[in-house]
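Keep the viewer open and follow along as we go.

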Amino acid sequence: MPRLAPLAALALIGMGLSGCILGTERPDANLEVPAGYRAAPRAPDSAVPALDWWRGFRSTELTRLIESAQAANLDIAVAVAQILQADAQAGIAGAPLLPSLTGTGTAERLRTATSSSSSASSRSTSQFNAGLTASYMIDFWGKNRATLYAAEESATAARYNRDVVALTATATVANTYFELLTAQDRLRIARRNAASAERILTLIRQQFTAGTASQLEVSQQETLVATQRASIPPLEIIVRQNSATLALLVARAPAKFTVNGGSLARLAVPRVTPGIPSELLRQRPDVMQAEAQLAGSNFSVESARAAFFPQIQLTADTGFQSKALSSLFGPGAWYYTLAASLTQPILDGNLLKSQLEQAQGAQLENLQAYRKAVLSAFTDVEKALVALQQTSLQERLQGEVVASSRRAFEVAEAQLRGGTVNLVSVLQVQQTFFSAEDNLAQVRLTRFQAATSLFQALGGGWTQAPKPAAPRRF
């Protein structure tokens with residue numbers, strides 16, 4: 001409406017004056033970023049994780065499970081819903097920056113009584129109103145805009161939180177699948193060892209019948225056979241429970257979910273180098289989330305500080321009013337009012353001061369949380385590198401133990417058949433061999449889990465080596 005031009009001009013001027021103190025709250029994070037990792041001082045950047053890093057394990061079933069989890073995992077779905085809430089909250093926070101316009105319309109009919117010395121009567125009158133009411137708060141000190149920026153940073157943090165949850169779900173699926181495969185490997189080992197122990201028991205019983213073995217030796221071998229059989233049920237529990245866990249991770253009912261599994265020995269461990277530590281500031285979603293939370297708290301402090309200053313409110317009313325509906329929109333029925341008001345807090349019971357101190361406390365908390373997130377990222381990579389290096393060495397050495405103990409077991413069994421070996425030695429060789437095989441399966445699991453931890457510590461995967469970047473707002 002043309003007659004609202006004065007109000008529109010004032011609103012535009014107010015918008016131009018708003019936000020004049022933003023950016024004053026940027027505490028120094030005081031980060032110590034190392035130039036490299038102690039566990040990988042000369043690692044090249046040519047083998048940084050791929051975006052679909054889990055394919056490097058060369059398991060079709062694992063790839064299918066992870067892709068299903070990324071599409072259906074309920075924790076990820078919750079994180080996505082939190083993004084929607086954060087975006088809506090940012091919209092709510094931005095509403096005060098725009099003028100509000102409200103339309104009104106009323107119709108009234110009044111009856112008034114009149115009296116005279118001779119008679120009493122009544123008179124009816126009508127009142128019609130149609131109008132618009134507009135208002136705008138001049139954000140001269142940047143309070144409302146700082147509130148909006150804080151809400152936008154919260155929305156950004158919600159997106160990084162979704163990435164954190166997705167990365168955690170992916171790593172959990174991989175580790176759970178590896179545990180299931182390891183349990184299946186150990187089951188095969190336990191059953192094979194139980195069969196070997198029973199075969200040895202048959203030989204010892206034959207010797208006992210012939211009078212060349214004692215009842216003690218028979219009982220000792222029977223104990224070993226029973227021990228091997230008793231190790232099978234706990235492994236069955238691990239297989240079935242991990243299958244149920246995978247069903248939950250992909251949002252399926254365990255009764256209608258099946259994992260084929262296989263052997264962990266058939267999978268490969270992808271090669272990955274960590275790059276340089278400063279890359280983590282852009283690749284770790286939890287670091288980026290902590291950074292966004294800190295930036296949001298900076299703006300919250302600015303908003304709380306701006307609340308101490310006067311608030312300027314512009315309002316305008318315009319519309320038509322008349323006693324007859326037919327003349328409601330006539331020239332003589334039009335009216336308008338313009339008003340401006342200024343509000344300055346004087347006494348509030350230390351409310352504004354306490355709100356500022358609360359915002360400053362949250363800012364300090366988020367600052368320390370950001371510093372810890374960065375240092376934790378460096379620590380996680382160092383720990384994962386050390387674990388992967390040492391478990392790789394341990395797996396190779398344990399493989400040598402298994403090979404040696406297998407040869408010793410074969411020799412001992414052959415000598416037992418020939419009656420040229422002490423039965424106590426046979427028992428010790430069996431126990432050594434059985435334990436060595438089971439330990440190798442568990443060491444292999446630790447190595448695969450260390451690889452997953454390294455991918456997770458590096459922030460998942462990316463398509464190309466990122467450029468080091470400084471934090472956005474400090």
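Start at Phe 178: setting aside neighbours within four places in sequence, Phe 178 is in contact with Phe 57, Leu 62, Leu 264, Leu 267, Leu 445, Phe 448 and Thr 452. Contact here means heavy atoms within 4.5 Å. Keep in mind that this is a predicted model, in which local features need pLDDT of at least 70 and side-chain atom pairs count only at pLDDT 80 or more, while totals for chains, interfaces and linings use all residues. Residues are numbered from 1 along each chain as its sequence is written, and side-chain values use heavy atoms, with hydrogens and water left out.

Phe 178 also belongs to the largest nonpolar core, where Phe 57, Phe 178 and Leu 246 touch the most other members out of 57 residues. A nonpolar core is a set of buried Ala, Val, Leu, Ile, Met, Phe, Trp, Tyr and Cys residues joined through side-chain atoms within 4.5 Å. Buried means under 20% relative accessible area, exposed over 50%, and partly exposed in between, using a 1.4 Å probe and protein chains only. Among the helices that each supply at least two residues of this core are H2 (60-72), H4 (143-210), H9 (351-418) and H10 (423-457). Apart from this core lies another, of 20 residues, including Ile 204, Val 402, Leu 416 and Phe 434. In soluble globular proteins, nonpolar side chains tend to be buried together.

Now turn to Phe 448, a residue of helix H10. Is Phe 448 buried or exposed? With a relative accessible area of 2%, Phe 448 is buried. Beyond four places in sequence, Phe 448 is in contact with Phe 57, Phe 178, Leu 264, Leu 267, Ala 268 and Val 269. Phe 448 and Leu 264 are 184 residues apart in sequence, yet 8.8 Å apart in space from C-alpha to C-alpha.

The rings deserve a look of their own. The structure holds 12 aromatic pairs, where rings of Phe, Tyr and Trp (its six-membered ring) pair if their centres lie within 6.5 Å, and planes under 30 degrees apart count as stacked, over 60 as edge-to-face and the rest as tilted. The ring centres of Phe 57 and Phe 455 are 6.3 Å apart and their planes stand at 75°, so this pair is edge-to-face. Phe 57 sits in the loop between helix H1 (5-17) and H2, and Phe 455 in helix H10, so the pair ties together parts that are 398 residues apart in sequence. Both Phe 57 and Phe 455 are buried. One aromatic cluster is formed by Trp 53, Trp 54, Phe 57, Phe 178, Phe 448 and Phe 455.

Not counting residues up to four places away in sequence, Thr 170 touches Trp 53, Trp 54, Ile 66 and Gln 70. Thr 170 is buried, with a relative accessible area of 4%.

Finally, step back to the whole chain. Its secondary structure comes to 10 helices and four strands, taken as DSSP runs numbered from the N terminus (helices H or I, at least four residues; strands E, at least two). Buried residues make up 42% of the 474 residues. Among contacts between residues at least 6 apart in sequence, 85% join residues at least 24 apart.
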